[in-house]
Amino acid sequence: MRVLYTLPKSGHGGFVDMKSQLLALYVSAKVANLYFPKIVIYCNNWGSSQLEKSDHDFSFAEIDTSLENCPYYDEAQWSISKVFIYSLQKEPFIHCDIDAFMWGGIPEQFLEKRFIFQNFEPLTC
């Protein structure tokens with residue numbers, strides 16, 4: 001199963017700065033890679049250049065710039081880019097937020113489910 005990350009199209013995604021965001025991404029992706037062999041980052045060209053300029057060796061299996069094609073983007077509506085990326089997927093995947101860390105992996109019984117979620121958000125249901 002592939003693990004996907006989405007790097008926002010601009011800005012630093014609620015982090016203090018881009019350096020902090022990229023550090024969190026680096027740690028999260030390295031931990032995920034302990035359990036999943038294929039880690040993919042979705043971004044736009046700007047995001048790809050931020051990854052290239054970084055001091056971190058992300059070793060993503062793929063850097064996909066499909067976010068260039070996202071028809072709508074507003075920093076306040078960051079989830080739209082995630083939904084856009086979900087719509088492109090043709091095989092099972094896990095989307096991991098940059099600030100989420102899979103310490104200990106994901107239990108096998110969850111990986112067999114049709115949908116899994118990080119947490120329940122009662123105010124949005």
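## The main core

Of the 22 residues in the largest nonpolar core, four touch the most other members: V3, Y5, L25 and L51. Three elements, β1, α1 and β2, each supply at least two residues of this core. The largest share comes from α1, with 7 residues. This is a predicted model. As background, nonpolar side chains tend to be buried together in soluble globular proteins.

Take L51 as an example. Which residues is L51 in contact with, leaving aside its neighbours within four places in sequence? The list is L7, L22, L25, I41, C43, F58, F60 and I63. There is also a second, separate core of 7 residues. Among its members are V40, L67, C70 and F84.

Helix α2 covers residues 45-53. Which of its residues are buried? They are G47, S48, Q50 and L51. Seen down the axis of α2, these buried residues fall within an arc of 155°, so they line one face of the helix. The buried residues pack against α1, β2 (38-42) and β3 (62-64).

The other side of α2 looks outward in part: E52 and K53 are exposed there.

## How α1 and α2 meet

Two packed helices are described by the angle between their axes and the distance between the axes. For α1 and α2, the angle is about 80° and the axes are 11 Å apart. Angles of 65 to 115 degrees count as roughly perpendicular. The two helices α1 and α2 are therefore roughly perpendicular to each other.

Which residues make the contact? From α1 come M18, L22 and L25. From α2 come W46, Q50 and L51.

## A glycine in a loop

G11 sits in the loop between β1 (2-6) and α1 (18-33). Is G11 buried, exposed or partly exposed? Its relative accessibility is 25%, so G11 counts as partly exposed.

G11 can also be placed relative to α2. Along the chain, G11 and G47 are 36 residues apart. Their C-alpha atoms are separated by 9.4 Å. G47 is one of the buried residues of α2.

Helix α3 spans residues 79-88, and S81 is found in it. S81 is buried, with a relative accessible area of 3%. Under 20% counts as buried.

What does S81 touch, not counting residues up to four places away in sequence? Its partners are T6, L67, C70 and Y73.

## Aromatic pairs

A pair of aromatic rings is described by the distance of the centres and the angle of the planes. How many aromatic pairs does a search of the whole structure find? It finds 5. One of them joins F101 and W103. Their centres lie 5.6 Å apart, with 20° between the planes, and the pair is stacked. F101 is partly exposed, at a relative accessible area of 32%. W103 is exposed, at 60%.

F115 and F117 also pair. Their ring centres are 6.4 Å apart and their planes are at 15°, so this pair is stacked. Both F115 and F117 are exposed. Elsewhere, Y26, F58 and F60 form one aromatic cluster. F58 and F60 are also in contact with L51.

How values were computed. Residues numbered from 1 in each chain as written. Predicted model: local features only at pLDDT ≥ 70, side-chain atom pairs only at ≥ 80, totals over all residues. Heavy atoms only, no water. Helix = DSSP H or I, 4+ residues; strand = E, 2+ residues; numbered from the N terminus. Buried < 20%, exposed > 50% of the residue type's maximum accessible area, 1.4 Å probe, protein only. Arc of directions from axis to C-beta. Contact = heavy atoms within 4.5 Å. Core = buried A, V, L, I, M, F, W, Y, C linked by side-chain atoms within 4.5 Å. Phe/Tyr/Trp six-rings, centres within 6.5 Å; stacked < 30°, edge-to-face > 60°. Axes fitted to C-alpha atoms, helices over the stretch in contact; angles between N-to-C directions. Parallel < 35°, antiparallel > 145°, perpendicular 65-115°, else oblique.
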